2 protein chains.
Amino acid sequence: MELNVGALPKVVRNPEASRAKILEAARIEFVSYGLSGGRVDRIAAQSGVNKNLIYHYFGSKDALYLEVLERIYADLRARQQDENLRGLPPVEGMKRLVSSTFDHFVATPDLIRLMSIENIHYGEHLKRSKSTKPLYGGLLDTIRILLKRGQQEGVFRANVDPVDLYLSISGLAYFFLSNQHTLSWLLDRDLAARRRVLKRRAHVVEMVLAYLTQASSFEADDVDVE
Amino acid sequence: MELNVGALPKVVRNPEASRAKILEAARIEFVSYGLSGGRVDRIAAQSGVNKNLIYHYFGSKDALYLEVLERIYADLRARQQDENLRGLPPVEGMKRLVSSTFDHFVATPDLIRLMSIENIHYGEHLKRSKSTKPLYGGLLDTIRILLKRGQQEGVFRANVDPVDLYLSISGLAYFFLSNQHTLSWLLDRDLAARRRVLKRRAHVVEMVLAYLTQASSFEADDVDVE
DNA sequence: GCCGTTATTGACTAACTGGTTAGTAATAGG
DNA sequence: CCTATTACTAACCAGTTAGTCAATAACGGC
């Protein structure tokens with residue numbers, strides 16, 4: 001029983017695939033051009049679906065962007081396999097925590113760009129998200145555990161704020177990646193070059209470990225607030 | 001000889017003031033909404049001049065943005081009074097360099113945002129700038145000088161790349177400022193709070209100095225690239 | 001086989017956006 | 001004074017943008 005003989009091509013329906021294609025195109029679009037710079041028409045063209053299907057599934061440009069953002073953040077935590085570092089010797093565990101954080105940032109430039117983009121928009125979208133917030137306790141816990149064990153064993157200094165340590169580990173890797181375009185130009189060096197990245201990785205690990213393993217000799221005393 | 005009697009209000013001409021008002025409005029607009037999100041009409045309305053005057057003086061939205069960007073970067077280097085740190089004892093000089101860099105970032109959030117915005121656009125505008133590039137040798141030189149003297153006096157470790165050190169000093173301050181909106185939400189802490197900022201300042205100084213003053217004991221050997 | 005639901009589409013729109021046209025008048029130089 | 005330049009304006013334009021309408025047809029349950 002031949003249906004559709006010499007007729008209009010049967011429209012294949014595949015909601016999951018359509019949704020996925022839209023999300024993939026949207027990710028690329030927003031990562032490339034930002035939220036204000038991203039174009040819904042381009043997302044539709046790129047994903048090969050009709051523009052209205054985007055509104056059917058996601059409701060608005062902002063909601064689509066939020067979905068992209070939530071997925072990226074969820075990925076971040078999912079890939080961050082830090083729990084298995086908790087049992088390692090503190091110095092070794094911390095080395096691995098720093099270098100794997102670094103590697104993860106290097107491996108996912110999309111994440112870096114979306115984080116920047118979201119902060120340009122004052123984090124307004126993420127704040128409206130329901131799903132992202134609970135995900136973040138884990139990494140901080142790992143830092144706390146390693147820190148405490150290292151201090152008990154006498155290899156790490158006392159009085160280290162885990163939040164500050166987290167901000168430092170991330171910041172040391174983040175800045176030279178997020179700003180690599182302006183920095184490469186201003187410093188006359190290709191910061192994206194493989195050798196540079198590896199060198200930076202070693203430097204970052206070294207700096208964090210030096211800080212942790214040195215007895216806190218410098219009081220933050222005489223550096224006055226201007 | 002009264003001219004303009006009971007007639008149309010004489011149009012006051014003041015090119016410098018108009019130009020300045022446009023630039024000021026443009027700075028606020030681009031810092032608030034980004035380049036793609038910034039609106040020329042809004043800049044015109046805010047500065048109180050006719051929109052075409054913007055095109056008369058600057059030619060295009062992009063060119064206006066570039067001018068704003070160049071001024072912010074020029075300010076950065078102008079305010080960075082690092083030359084007078086070169087004569088200080090190395091440890092003291094470096095402490096001041098780190099804390100003043102930190103303070104400067106805290107004091108000029110516009111700079112942070114424009115740096116992020118420009119990097120979202122892959123640094124394309126800055127690269128086209130003629131005026132900005134030569135400004136950057138100075139800070140790196142100050143770092144080199146302090147570093148060398150500290151090494152000669154035996155208080156700083158050997159084999160420190162000045163560029164990496166610069167990236168670390170900046171990164172430690174930059175990240176928690178540029179991403180404070182998302183981080184405050186994710187970490188459940190108000191990173192903009194005065195106490196937090198001061199605490200972070202001390203931590204950053206401490207980390208950099210700990211790194212510099214510790215003999216380089218940890219080889220970057222067994223941390224393998226994944 | 002019938003029917004409500006839903007995936008999908010093309011055509012459309014109202015508001016907006018960067019940029020232009022065409023013109024007026026203040027000003028500086030001679 | 002005369003004239004060329006320049007500061008400045010109002011109105012307009014063509015193209016774009018996010019979002020909508022109305023219709024079609026594939027699908028799943030009965």
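Visitor: Which element gives the largest share of the surface near DNA strand D?

Guide: This is a predicted model, in which local features need pLDDT of at least 70 and side-chain atom pairs count only at pLDDT 80 or more, while totals for chains, interfaces and linings use all residues. Residues are numbered from 1 along each chain as its sequence is written, and chains are lettered from A and ligands numbered from 1 in the order in which they are written. A residue is near a strand if its C-beta atom, placed from the backbone, lies within 6 Å of it, and the elements are DSSP runs numbered from the N terminus, namely helices (H or I, at least four residues) and strands (E, at least two). The largest share of the surface near DNA strand D, four residues, comes from α3(B).

Visitor: Which elements give two or more residues to the surface near DNA strand D?

Guide: DNA strand D is surrounded by 23 residues, and the closest are A:Val40, A:Lys61, B:Pro15, B:Ser18 and B:Asn50. The elements that give two or more residues are, in chain A, α2 (40–47) and α3 (51–58) and, in chain B, α1 (15–37) and α3 (51–58).

Visitor: Which element gives the most to the surface near DNA strand C?

Guide: Of the 22 residues around DNA strand C, those that come nearest are A:Pro15, A:Ser18, A:Asn50, A:Asn52 and B:Lys61. At least two residues each are supplied by α1 (15–37) and α3 of chain A and by α2 (40–47) and α3 of chain B. By class, the surface has seven nonpolar, seven polar and eight charged residues. With four residues, the element that gives the most is α3(A).

Visitor: How many nonpolar residues lie on the side of chain B that touches chain A?

Guide: Two residues are in contact if their C-beta atoms, placed from the backbone, lie within 7 Å, and the contact takes 56 residues from chain B and 56 residues from chain A. On the chain B side, two or more residues are given by each of α1, α5 (90–107), α6 (109–120), α7 (124–128), α9 (162–178), α10 (180–187) and α11 (194–213). Beside 16 polar and 13 charged residues, the number of nonpolar residues on this side is 27.

Visitor: Is A:Phe105 buried or exposed?

Guide: A:Phe105 is found in helix α5 (residues 90–107) of chain A. Apart from neighbours within four places in sequence, A:Phe105 is in contact with A:Ile112, A:Ala173, A:Tyr174 and A:Leu177. A residue is buried if 20 or more other C-beta atoms lie within 10 Å of its own, exposed if 12 or fewer, and partly exposed in between, with C-beta atoms placed from the backbone. Because 20 C-beta neighbours lie inside 10 Å, A:Phe105 counts as buried.

Visitor: What share of the residues in chain A is buried?

Guide: The secondary structure of chain A comes to 11 helices and zero strands. Among the contacts in chain A with a separation of 6 or more, residues 24 or more positions apart account for 68%. Of the 226 residues in chain A, the buried share is 38%.

Visitor: At what angle do α1(B) and α4 of chain B pack?

Guide: B:Leu23, B:Ala26, B:Arg27, B:Phe30 and B:Leu35 in α1(B) meet B:Leu64, B:Tyr65, B:Glu67 and B:Val68 in α4(B). The residues of this contact divide into seven nonpolar, no polar and two charged. Angles run from 0 to 180 degrees between N-to-C directions of axes fitted to C-alpha atoms, for helices over the stretch in contact, and under 35 degrees they count as roughly parallel, over 145 as roughly antiparallel, 65 to 115 as roughly perpendicular and the rest as oblique. The two helices are therefore roughly perpendicular, with axes 10 Å apart and an angle of about 95°.

Visitor: Where does A:Asn159 lie?

Guide: Phi of A:Asn159 is near 55°, a positive value in a residue other than glycine. A:Asn159 counts as exposed because 7 C-beta neighbours lie inside 10 Å. The place of A:Asn159 is in the loop between α8 (137–152) and α9 (162–178) of chain A.

Notes. Ala, Val, Leu, Ile, Met, Phe, Trp, Tyr, Cys and Pro count as nonpolar, Asp, Glu, Lys and Arg as charged, and the others, Gly among them, as polar.
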